[in-house]
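Hi,

Here is the structure I said I would pass on.

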Amino acid sequence: MDNSSNFDEISEPSYQPSPSSLDQNDQSTVETPVYSTMSGDSFMFGRTYSETSAFSDPIDDNSYSSEPSPSHWPVTKSGAQHQAVLRRLEMKQQKQVVDDKLDDQEPVDLELETMKERFSKLLLGEDMSGSGKGVCTAVTISNAITNLYATVFGQNLRLEPLKPEKKSMWKREMDCLLSVCDYIVEFTPKSQNLRDGTALEVMESRTRSDIYINLPALTKLDAMLIEVLDSFQDREFWYAEQGSMSSNSTSSGSFRRVVIQRKEEKWWVPVPCVPPDGLSEKSRKHLRHKRDCAYQIHKAAMAINSSILTEMEIPHSYMASLPKSGRASLGDTIYRYLCTADGFSPDHLLDCLNLASEHEALELADRVEASMYTWRRKACLSHSKSSWDMVKDLMSDVDRTDKNHVLAERAETLLFCLKQRYPELSQTSLDTCKIQYNRDVGQATLESYSRVLEGLAFNIVAWIEDVLFVDKSVRTQDQ
């Protein structure tokens with residue numbers, strides 16, 4: 001005879017577990033008025049006082065008790081209790097499903113919380129107290145782009161593709177930060193003809209001209225730099241965290257000193273290694289091609305950045321801090337050379353100065369720039385206005401033979417040649433001041449975006465130069 005109970009019968013509301021559900025030939029069980037030998041099913045539903053969960057173990061149909069149940073396990077005869085236990089089982093199953101969904105959504109929730117945090121900082125102007133003492137929106141966006149670049153590319157010190165999560169973060173958050181440019185518009189007149197032939201001039205909105213021109217170019221440069229990094233998926237060289245190179249190495253390329261010197265300055269930067277026989281010709285050709293591409297991207301990004309900085313308004317604090325005399329700022333030697341009647345050569349002047357470090361070059365750039373604006377202010381002194389934009393407009397009316405104007409032009413030429421000779425030169429004091437006091441959101445976005453792309457392109461060129469230098473050193477030693 002089958003001793004197992006029928007679950008379909010238990011699920012009926014009118015079902016009452018009783019001695020009649022057992023073997024009719026078992027008379028000892030029938031005579032028991034309160035305690036009975038229950039089946040596995042009735043045992044499970046009647047076990048209301050057990051310290052062990054009734055749902056922790058699967059039900060065994062053949063697990064029947066051969067002894068009377070303890071006094072604290074009464075027989076369950078109420079169908080409502082059966083339904084309550086079933087509902088508890090259903091609720092537990094639903095909770096498990098919800099927990100599984102929450103586990104799947106956890107990465108999405110983390111990304112959402114990160115975006116909420118960044119958005120809140122943008123609104124608060126990086127002032128977590130909420131008292132309104134934060135920086136303006138333009139500076140906040142500029143800092144956000146700079147910090148995002150440091151987060152994504154700060155630890156990427158090798159010629160290798162970005163990790164998928166880093167690449168996804170860069171694209172996703174840059175799209176969010178750049179979306180503000182979609183709503184920066186300007187109004188332009190447009191001719192519109194009515195049905196009766198009447199011509200009307202209406203104003204239509206379009207993306208501001210500087211954003212319309214520069215932002216698509218920057219996004220294209222961004223994609224090209226990511227593509228350059230992705231092209232080094234399969235490479236013949238590798239990197240060592242610690243290594244040594246000959247101290248009598250000579251400079252290779254214009255973008256970086258020799259690897260040993262860079263390693264002494266930045267000991268944490270990994271050193272490239274190549275096979276004993278050097279790289280293959282195909283690999284060297286690929287490196288040179290990507291170096292040239294990155295160099296052109298660097299030039300394009302630097303040109304965009306320079307143009308944006310030039311258009312930014314000069315802060316009044318910088319103009320107030322200018323020296324009264326350009327000669328006092330530059331020194332007698334440089335001033336006398338600038339005053340030469342003819343034959344002025346900025347390259348020859350830089351050769352004579354014999355700058356020994358980038359720090360000296362940056363210091364000279366600050367002094368030349370300050371002198372240049374001092375002379376421009378003197379040239380426009382008769383047209384003095386409170387707005388620097390007015391001064392720029394009046395520059396075209398200044399006498400080209402005026403001494404201050406000539407000195408300002410020569411100082412500008414010297415500054416340009418200095419930046420060309422030192423392309424890795426840091427931002428000057430004026431550039432930093434412009435970024436700090438800038439209030440134009442569009443200019444701040446374009447400037448910071450072009451600046452980080454310029455830095456990434458510069459690093460890629462430097463890394464490729466390092467690999468080519470090591471390859472050349474290895475092949476030279478073999479010969």
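Below is what I found in it. Keep in mind that this is a predicted model.

Let's start with the inside. The largest nonpolar core has 51 residues, and the ones that touch the most other members are Phe153, Leu159, Trp170, Phe237, Leu287, Tyr449 and Ile460. Two or more residues each come from α5 (137–153), α6 (164–178), α7 (209–230), α9 (281–311) and α18 (441–478). The largest share is from α18, with 14 residues.

Leaving out residues up to four places away in sequence, Tyr449 touches Ile145, Trp170, Met174, Leu178, Leu215, Leu218, Thr219 and Asp222. There is also a second, separate core, with 32 residues, including Met319, Tyr373, Cys417 and Leu418.

α9 has 31 residues and spans 45 Å from first C-alpha to last, close to the 45 Å expected at 1.5 Å a residue. Its buried residues include Leu287, Ala294, Ile297, Ala301, Ile304 and Ile308. α5 has 17 residues and reaches 24 Å between its first and last C-alpha, close to the expected 24 Å. Among the buried residues of α5 are Ile141, Ile145, Leu148, Val152 and Phe153.

Cheers

Technical notes: Residues are numbered from 1 along each chain as its sequence is written. This is a predicted model: local features need pLDDT of at least 70, side-chain atom pairs count only at pLDDT 80 or more; totals for chains, interfaces and linings use all residues. Side-chain values use heavy atoms; hydrogens and water are left out. A nonpolar core is a set of buried Ala, Val, Leu, Ile, Met, Phe, Trp, Tyr and Cys residues joined through side-chain atoms within 4.5 Å. Buried means under 20% relative accessible area, exposed over 50%, partly exposed in between (1.4 Å probe, protein chains only). Helices (H or I, at least four residues) and strands (E, at least two) are DSSP runs, numbered from the N terminus. Contact means heavy atoms within 4.5 Å. The expected span of a helix is 1.5 Å times one less than its number of residues.
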